Amino acid sequence: MPSPGEQADAAVAAILQAAVHGGERGTVVDSPPGAGKSTLVVRAARELAGAGERLMIVAQTNSQVDDLVDRLAEKEPGLAIGRLHGSDATPAEHALRHPGVVASTKVADLRELPVVVATAAKWQWVKDVDPWRHAIVDEAYQMRSDALLAVARLFERALFVGDPGQLDPFSIVDADAWAGLTYDPSQSAVVTLLAHNPGIVPHRLPVSWRLPASAAPLISDAFYPFTPFRAGTEPGDRRLLLGSPAPETPPTASAPPAALAAAADEVLDVAAASGWGLLELPQRHTVRTDPEAVAAVAAVVARLLARGGSTLSERGEEQLTADRVAVGTAHRDQASAVRAALVALGVEGVTVDTANRLQGREYDVTVVLHPLSGRPDATAFHLETGRLCVLTSRHRHACIVVARAGIPELLDDHPATEPVQLGVTLTFPDGWEANQAVLDHLAAHRVRYRP
């Protein structure tokens, strides 16, 4: 069996061959979490530019554009790169620090450069230019089909790279009126592209370099059953090393209760040994910003940092610092409540955000407030497969989930009731099945906290 590196190299070579010389105008690449999607985009851009091709790159947000410009300029210092932006969106400093990067609000200033990068929203306003020969669309599964339609006139061939397991494109309007139609604007760019071009067979990146060997099998089975992948490391290659819990001291106003601190330490030890941990609170229906669950999340983070941990991996041994820890939630008000709880505990520098904003980001340890914790119902929003996939796939070493008991029973009591619509491509697995798979796995790593 080929090594992970050999398998990944073979897949990338086939992708680049299809993108440059293939018979189809579009090449689709499905990438699991941490499989080197951005690395592929940068490599493809370098190879096309090196062959004398002029290239446009489409990303979905300004931060994604700036990160791509920065990475491309670092890998190819002599390459001239255009950063096309809106009048109200100044590029980030890390993108403009390279001498070869030229920023402008007008495409005419950048048209002759080898590479021009902008958001889909900016590209749709570009008019009266000859089409580029090649384009790369990054995070293509986050791009709605109407956005693709608005920019498709600007290129002849395109490489579409994205993660099919992440959150679907966001829409603020009800899209049921278009469900099943070939021009449904709420569908992702890739889904629409494949529906209209049956000759395109998606490629896939087969190795996740982010997820450890403890996580890749679960995430692959639960969220990518038809496009399985493997971890780039073997069991034991990565270790989370935590200092011993401090001896009991008199409680302070900022310290979590002794019982909660003990439960947090226990679930951290479980996660350090296995890569997963579930801190389970008593079953109860709660408000969305459940104070006990928020306090439990904050206590886990505070104890993690207080124990002075480090990580051991193929990168060597590194200190576990606050900027390498993240908290993921389903809602913004939950994230705000966790931030406030961490401030009260004197913890700073930890990323706390929703699944939507954590997409594409990577940390050593993540702490997740389960979307269904304490809920009386299982709505389509909270069951969305991509949300749980994002929350449980950001880590390199360990993921700790905080949830109230009773979620499996909640799922059994609320089976999917969404109407089946003709012509709509069904996604698999659905949120019900993915949640059950993740909870079944977490049950073996559970620590019960009973205040």
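Mentor: Let's begin with Arg 83 and Asp 66, whose side chains meet in a salt bridge at 2.9 Å, N to O. A salt bridge here is a side-chain nitrogen of Lys or Arg within 4 Å of a carboxyl oxygen of Asp or Glu. Arg 83 lies in strand E3 (residues 81-84) and Asp 66 in helix H3 (residues 62-75), so the pair ties together parts that are 17 residues apart in sequence. Helices (H or I, at least four residues) and strands (E, at least two) are DSSP runs, numbered from the N terminus. Arg 83 counts as buried at 1% relative accessibility, and Asp 66 counts as buried at 5%. For these labels, buried means under 20% relative accessible area, exposed over 50%, and partly exposed in between, with a 1.4 Å probe and protein chains only.

Before going on, a word on the source: this is a predicted model, where local features need pLDDT of at least 70 and side-chain atom pairs count only at pLDDT 80 or more, while totals for chains, interfaces and linings use all residues. Residues are numbered from 1 along each chain as its sequence is written, and side-chain values use heavy atoms, with hydrogens and water left out.

Arg 97 forms a salt bridge with Asp 70, with 2.9 Å between the closest N and O atoms. That pair links distant parts of the chain, 27 residues apart: Asp 70 is in helix H3, and Arg 97 is in the loop between helix H4 (93-96) and strand E4 (101-104). Asp 70 counts as buried at 12% relative accessibility, whereas Arg 97 counts as partly exposed at 49%. The side chain of Arg 97 also meets that of Glu 74 in a salt bridge of 2.8 Å, N to O. Glu 74 lies in H3 and Arg 97 in the loop between H4 and E4, so this pair ties together parts that are 23 residues apart in sequence. Glu 74 counts as partly exposed at 48% relative accessibility. Elsewhere, salt bridges that share partners join Arg 238, Glu 314, Arg 324, Asp 364 and Arg 396 into one network. The structure holds 28 salt bridges.

Now follow H3 to the second largest pocket. H3 gives the largest share of the lining of this pocket, seven residues. The space in the pocket is about 1700 Å³. A pocket is found on a 1 Å grid over the protein atoms alone, as an open set of points where a 1.4 Å probe fits, with protein on both sides within 12 Å along at least five of seven lines; lining residues have an atom within 4 Å of a point. Grid points are joined across faces, edges and corners, and the volume is the space filled by probe spheres set on the points. The lining has 49 residues, and Gln 64, Glu 139, Gln 142, Gln 359 and Gly 360 lie nearest the centre. By class, the lining has 13 nonpolar, 18 polar and 18 charged residues. Ala, Val, Leu, Ile, Met, Phe, Trp, Tyr, Cys and Pro count as nonpolar, Asp, Glu, Lys and Arg as charged, and the others, Gly among them, as polar.

An open sheet of eight strands has the order E4-E3-E5-E2-E6-E7-E1-E8, with parallel pairing. E4 and strand E8 (203-204) stand at the edges, each with a single partner strand, so one side of each is left without a neighbour in the sheet. Two strands pair if DSSP finds at least two bridges between them. E3 runs parallel to strand E5 (residues 115-119), joined by three bridges, and Gly 82 stands opposite Val 116 in E5.

Further along the sheet is strand E1 (residues 26-30), where five of the five residues are buried, so E1 is largely enclosed by the rest of the structure. Gly 26, Val 28 and Asp 30 point one way from E1, and Thr 27 and Val 29 the other way. E1 runs parallel to strand E7 (residues 155-162) over five bridges, with Thr 27 opposite Leu 159. E1 also pairs with E8 in the parallel sense over two bridges, and there Asp 30 stands opposite Arg 204.
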